[in-house]
Amino acid sequence: MKKILFLIVLMLLSGCGGMLSEVSSTFRCRDNVAFNDDIVTRLKLKDVFGEVAAELCGASCAQGCLPNTPSCVGKTILVTDFVDIVTLMPRGAGLFMSELMRSSINNTCCYKVMQGEFRSYFKLSPEGMVALTRNPNEIKFPEYLHNESIVGTYRLTDGRLYLFVRRINVYTGNISKFVTKEISYKCLGDTIITSVN
């Protein structure tokens, strides 16, 4: 009877727009604290980052590596490590999400991707806005001659992961695209239920 009731609850929850994610027996969802970066790797974010990449590169380049998109193929963009918006450190979750972002930008937009460290190029102002460092010598270096970057920040709270991803001109600091995603998650035993807003 308990198993039948549990299955009914799972079916109802999955019918409400959530996704169920099976979790390995070594990861105890219900035992993890809200701010544990380990939970981010269990949220199945690949499709989320695919959507973010499509929004960042625009409709003309979101078709992938096609011959009719020569302005996209071969374009190079810097993608920084995602940092926690409070600590400004990438931690494990930020490194994981930045790899997903790099892969998605490359596969969805057909851009060449350079890897960058957030602290090397950007800082957060006291108002919380991403601002380019004002010293142009800090961002003009021979290895990176391109003018755009993807900068990501995140915030992990109890039951929610917030993503903030910007496409920024590295010389002017202008933000040409800004994408936000809110991923809600809930532990149901050792199963994670997620939904994306």
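1. Accessible areas here come from the Shrake-Rupley method with a 1.4 Å probe. On that basis the chain of this predicted model exposes about 10600 Å², and carbon and sulfur atoms supply 57% of that area. Of the 197 residues in the chain, 43% are buried.

2. The chain holds 4 helices and 10 strands, in the sequence order α-β-α-β-β-α-β-α-β-β-β-β-β-β. Counting contacts between residues at least 6 apart in sequence, 64% join residues at least 24 apart.

3. The whole structure contains 9 salt bridges. One of them pairs E148 with K75, with 3.3 Å between the closest N and O atoms. Because E148 belongs to strand β7 and K75 to the loop between α2 (46–57) and β2 (76–80), this pair ties together parts 73 residues apart in sequence.

4. E148 has 12% relative accessibility and so counts as buried, whereas K75, at 27%, counts as partly exposed. Leaving aside residues up to four places away in sequence, E148 also touches others, including I77, L78, R167 and S176.

5. R102 takes part in a salt bridge with D81 at 2.7 Å, N to O. R102 sits in helix α3 (residues 91–109) and D81 in the loop between β2 and β3 (83–84), so the pair ties together parts 21 residues apart in sequence. R102 is buried, with a relative accessible area of 7%, and D81 is buried at 11%.

6. R102 also forms a salt bridge with E99, at 2.9 Å. Both residues lie in helix α3, 3 residues apart, about one turn of the helix. E99 is partly exposed at 42% relative accessibility.

7. Separately, salt bridges link E51, E55 and K181 in a network.

Methods
Residues are numbered from 1 along each chain as its sequence is written. This is a predicted model: local features need pLDDT of at least 70, side-chain atom pairs count only at pLDDT 80 or more; totals for chains, interfaces and linings use all residues. Side-chain values use heavy atoms; hydrogens and water are left out. Contact means heavy atoms within 4.5 Å. Helices (H or I, at least four residues) and strands (E, at least two) are DSSP runs, numbered from the N terminus. Buried means under 20% relative accessible area, exposed over 50%, partly exposed in between (1.4 Å probe, protein chains only). A salt bridge is a side-chain nitrogen of Lys or Arg within 4 Å of a carboxyl oxygen of Asp or Glu.
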